[in-house]
Amino acid sequence: MSNLDVRIVKLEPMLVASFLGFGESPEDLAWKQLIPWAKSKGLLDDPETHRIFGFNNPDPSPGSPNYGYEAWIEIDPDFEVKDEVKTVNYEGGLYVVTRCPVPKGHFEVIGATWKKLVAWREDSPYKCGAHQWMEQSLPDAPPDTEFVLDLYLPIAE
């Protein structure tokens with residue numbers, strides 16, 4: 001096994017508000033929808049209760065610069081969504097998770113860390129899970145980083 005620092009996490013089912021971007025920089029498009037909406041609802045005030053996740057949807061295709069990115073923010077089951085915002089009931093699942101600090105201007109570290117995490121799983125007793133791969137955006141980042149992600153790779157026993 002590699003020296004990658006991992007932990008096994010069981011994500012419980014959750015209700016999320018979903019925002020989708022599509023294009024050459026879909027992450028920015030999704031975030032530009034999620035952040036103002038969540039801020040206006042006070043959801044960004046409690047990042048432990050209202051965790052933020054994202055993932056490619058659809059994945060990049062060879063020969064096209066365009067792909068999609070879906071960003072989720074966890075909401076309480078009794079939270080009323082009155083806007084034109086899509087909600088998703090996510091069933092949860094078992095994951096192997098690693099932290100991925102992204103140094104300023106070095107976004108390639110995300111793909112490299114995903115590859116290490118997949119290699120870790122291939123050398124582990126876990127099988128590939130069928131649920132969603134995800135990146136959790138963490139609220140605090142050291143000064144020398146763009147942001148910090150926890151990468152969630154689905155696993156099965």
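Modeller: In this predicted model, buried means under 20% relative accessible area, exposed over 50%, and partly exposed in between.

Biologist: What makes the contact of R99 with D150 a salt bridge?

Modeller: The closest N and O atoms of R99 and D150 are 2.7 Å apart. The limit is 4 Å between a side-chain nitrogen of Lys or Arg and a carboxyl oxygen of Asp or Glu, so the pair qualifies as a salt bridge.

Biologist: Why are R7, R99 and D150 called a network?

Modeller: D150 also meets R7 in a salt bridge, at 2.6 Å from N to O. R7 lies in strand β1 and D150 in strand β9, so this pair ties together parts that are 143 residues apart in sequence. The salt bridges link R7, R99 and D150 in a network.

Biologist: How do you know whether D150 is buried or exposed?

Modeller: D150 has a relative accessible area of 2%. Buried means under 20%, so D150 is buried. R7, at 35%, is partly exposed.

Biologist: What makes E80 exposed?

Modeller: Its relative accessible area is 60%, and exposed means over 50%, so E80 is exposed.

How values were computed: Residues are numbered from 1 along each chain as its sequence is written. This is a predicted model: local features need pLDDT of at least 70, side-chain atom pairs count only at pLDDT 80 or more; totals for chains, interfaces and linings use all residues. Side-chain values use heavy atoms; hydrogens and water are left out. Buried means under 20% relative accessible area, exposed over 50%, partly exposed in between (1.4 Å probe, protein chains only). Helices (H or I, at least four residues) and strands (E, at least two) are DSSP runs, numbered from the N terminus.
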